[in-house]
Amino acid sequence: MNGEEEFFDAVTGFDSDNSTGEFSEANKITGMIDLDTSKSTRSGKHGERSPQENGIQKHRTALPAPMFTRSDFSVWSILKKCIGLELSKITMPIAFNEPLSFLQRITEYMEHVYLIHRASNQSQPLERMQSVAAFAVSAVASQWERTGKPFNPLLGETYELIREDLGFRFISEQVSHHPPISAFYSEGLNQDFMFHGSIYPKLKFWGKSVEAEPRGTITLELLKHNEAYTWTNPTCCVHNVILGQLWIEQYGIVEILNHRTGDKCILHFKPCGLFGKELHRVEGYIQDKNRKKLFIMYGKWTECLWGIDPVSYESFKKQEKRGDHARKAKSDDAPEKVNSDVPGNMADDVPVAQETVQVIPGSKLLWRINSRPPNSAQMYNFTSFTVSLNELESGMEKTLPPTDCRLRPDIRGMENGNMDLASQEKERLEEKQREARKERAKEEAEWRTRPVHTSTVAVSIRTCTRRLIVSRWNHDK
């Protein structure tokens, strides 16, 4: 089987053996398994939860089953054939996965949506850029220690979420498989912002690590100020995928542009370095259209982001440098630290990150990460927000479109701890998608979406999303 066939397509109406004018495979999904919503809507040690408290919908605080162990799984038997290849074209075993679709992973951008609301309410462009920059950093924070791979979405798969408590609604859709493009659109419930874009992650295996290179532009519009900001996420890398303890880092330059004022924020997500000194660190600055530095930012994408004016920052750095010279003179006779990582080892030593960020006097806090639940390690290192994303409440399957990824039996099986079912369903869907692609190729038929029953708002958002992504994709080509 060649790489083109190995990279599965989603099932559409063209492959239906019982066409009803709707998304046939998703309809089959809901009928193939028993959607145990009692498991999905429990919290704590799976105890019953109150659906509302003070008028606000409460969400679950734990997954139905704890994470399975990967310690007995032979990763090398799969990955030794993949060195240098794009992993999206390789059929991967379920042991690599976490019980979420990539569409739900994108939704995690919204965990710190209060930063967007704050930016919308700020009067000065510089203050708004600070909040937007903090939001861009926070959008990748949930990936800390998340070494599982989300499920590849089916072509035409969707995800919808409305969080009245956080003030936004969100929808995403897999709009292409060659290349694989996930489109998303979100808006504030108070019409204060629009947040949309397309993500095309390119995954590669480099022997001891898996690298996810982001592609696609993210756009945030602050409607009250008639401003649009665009950026692309940093590169994410998971180390020791074959042997040793898994660890993750983000690196690369992120440039955020305010298209109305010409202001630009440049953030440097630093690679860990030889001894891990720079692990998780982010440094950057805001400049105006004339390249004058207006503001300095620093921190960690796993912890917090601080900001300070350039004069105070430079003054502190000069004092710090003088202090370093004095300390270096006293420690010249000290033995050098030896790197214990011998070339050729299968595992890279996990770098020890600094305990916290050194706060420069006069700095202001722009963002701090939310605390994770105490049982996070047993739940794929999910945040409290992430735990709620695949929640399927009683009766929800009757109102969701059949394309919603909450209805996928492989993801649902994995979440419920039934790995055999999850693996079987994953294999079934992949094979069915391959057959669908072959059938379309024979008939020279172009894939198209089919109308599904969903809310008027969702239909409007999906139409807008497709229009935005198609126009951007044509422009980029």
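Reply: Happy to! The sulfur of Cys-237 has its closest cysteine sulfur in Cys-236, 7.3 Å away, which is too far for a bond. For a disulfide, two cysteine sulfur atoms have to be within 2.5 Å. This is a predicted model, where local features need pLDDT of at least 70, side-chain atom pairs count only at pLDDT 80 or more, and totals for chains, interfaces and linings use all residues. Residues are numbered from 1 along each chain as its sequence is written, and side-chain values use heavy atoms, with hydrogens and water left out.

Me: How many disulfides turn up in the whole structure?

Reply: A search of the whole structure gives 0 disulfides.

Me: And is Cys-237 buried or exposed?

Reply: Cys-237 is buried, because its relative accessibility is 3%. Cys-236 counts as buried too, at 10%. Buried means under 20% relative accessible area, exposed means over 50%, and partly exposed is in between (1.4 Å probe, protein chains only).

Me: Zooming out, what is the secondary structure of the protein?

Reply: There are 12 helices and 19 strands. These are DSSP runs numbered from the N terminus: helices are H or I with at least four residues, and strands are E with at least two.

Me: How much of the protein is buried?

Reply: Of its 477 residues, 52% are buried. The protein exposes about 22600 Å², and 51% of that comes from carbon and sulfur atoms. Accessible areas come from the Shrake-Rupley method with a 1.4 Å probe, and for residues only the protein chains shown count as cover.

Me: Which residues touch the most other members in the largest nonpolar core?

Reply: That core has 70 residues, and the ones touching the most other members are Phe-195, Trp-231, Ile-256 and Leu-267. Helix H7 (residues 125-138) gives the most to this core, with 7 residues. Apart from it lies another core of 9 residues, including Tyr-298 and Cys-304. A nonpolar core is a set of buried Ala, Val, Leu, Ile, Met, Phe, Trp, Tyr and Cys residues joined through side-chain atoms within 4.5 Å. In soluble globular proteins, nonpolar side chains tend to be buried together.

Me: What does Leu-267 touch?

Reply: Leaving out residues up to four places away in sequence, the contacts of Leu-267 include Ala-133, Val-137, Ile-256 and Met-297. Contact means heavy atoms within 4.5 Å.

Me: Back to H7, why call it largely enclosed?

Reply: Because 11 of the 14 residues of H7 are buried, it is largely enclosed by the rest of the structure. Among those buried residues are Arg-128, Phe-135 and Ser-138.

Me: How far apart are the end C-alpha atoms of H7?

Reply: They are 20 Å apart, which agrees with the 20 Å that 14 residues should span at 1.5 Å a residue. The expected span is 1.5 Å times one less than the number of residues in the helix.

Me: New topic! What is phi for Asn-226?

Reply: Phi of Asn-226 is near 55°, a positive value in a residue other than glycine. Most residues other than glycine have a negative phi. Asn-226 is in the loop between strand S11 (218-222) and strand S12 (227-231).

Me: What about Asn-381?

Reply: Phi of Asn-381 is also positive, near 60°. Asn-381 counts as buried at 18% relative accessibility, whereas Asn-226 is exposed, with a relative accessible area of 64%.
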